[in-house]
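I opened this model to look up its charged pairs and its surface. My notes follow.

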Amino acid sequence: MTDIRMTPMGDLALAGNDLATDDGLETAVFLSLFSDRRLDDSDTLPSGATDRAGWWADTQTDRIGSRLWTLARAKQAPGVLGQFEAYAREALEWLVADRIAASVDVAAISGSMGVWELSIAIRRPSADVALYRYSYTWASQEARRLS
């Protein structure tokens, strides 16, 4: 189990005397979910926020990241769980649009108090289904890989 905090950080894995690599899909999923997507002008800023966030090179039609960051101060209520799932799904839509995936299934699950989980299944055109599971801890605003 690997902890992934919402503050800037990095982690390198070694395979022998070299860097370990993967096919890049997990990195793409992680960046899509846990980078702060710029809010649209029509979006309401979260309480206390003054910045719409995002990457400086985002365009109206191509944005990096997700709006999960806007829920950091939200109450852990059923309606917010639906938003949590919708924002995760929105962040991963580009995988299908760019034909990296045939489909992406996202399910948000209310785990224990203060913890919500994202279960993600990515069906790739020429590979096995990739399964990812993340938890988001409300109290410390931390996400971690579960499996």
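**Charged pairs and a patch**

I began with Arg37, which counts as buried at 14% relative accessibility (buried is under 20% relative accessible area, exposed over 50%, partly exposed in between, with a 1.4 Å probe and protein chains only). This is a predicted model, where local features need pLDDT of at least 70, side-chain atom pairs count only at pLDDT 80 or more, and totals for chains, interfaces and linings use all residues. Residues are numbered from 1 along each chain as its sequence is written, and side-chain values use heavy atoms, without hydrogens and water.

Next I looked up salt bridges (a side-chain nitrogen of Lys or Arg within 4 Å of a carboxyl oxygen of Asp or Glu). The count comes to 7. Arg37 pairs with Glu90 at 3.6 Å, N to O. Glu90 is in helix 2 and Arg37 in the loop between helix 1 and helix 2, so this pair ties together parts 53 residues apart in sequence. Helices here are DSSP runs (H or I, at least four residues), numbered from the N terminus. I also found Arg37, Asp43, Arg67 and Glu90 linked in a salt-bridge network.

Then I checked Asp40. Its salt bridge goes to Arg63, with the closest N and O atoms 2.7 Å apart. Arg63 is buried, at 13% relative accessible area. Asp40 counts as partly exposed at 27%.

Within helix 2, I noted Glu85 and Arg89, 4 residues apart, about one turn of the helix. Their side chains meet in a salt bridge at 2.8 Å, N to O.

Last, I turned to Ile64. Ile64 lies in the loop between helix 1 (25-34) and helix 2 (78-97). At 40% relative accessibility, Ile64 counts as partly exposed.

Conventions. Helix = DSSP H or I, 4+ residues; strand = E, 2+ residues; numbered from the N terminus.
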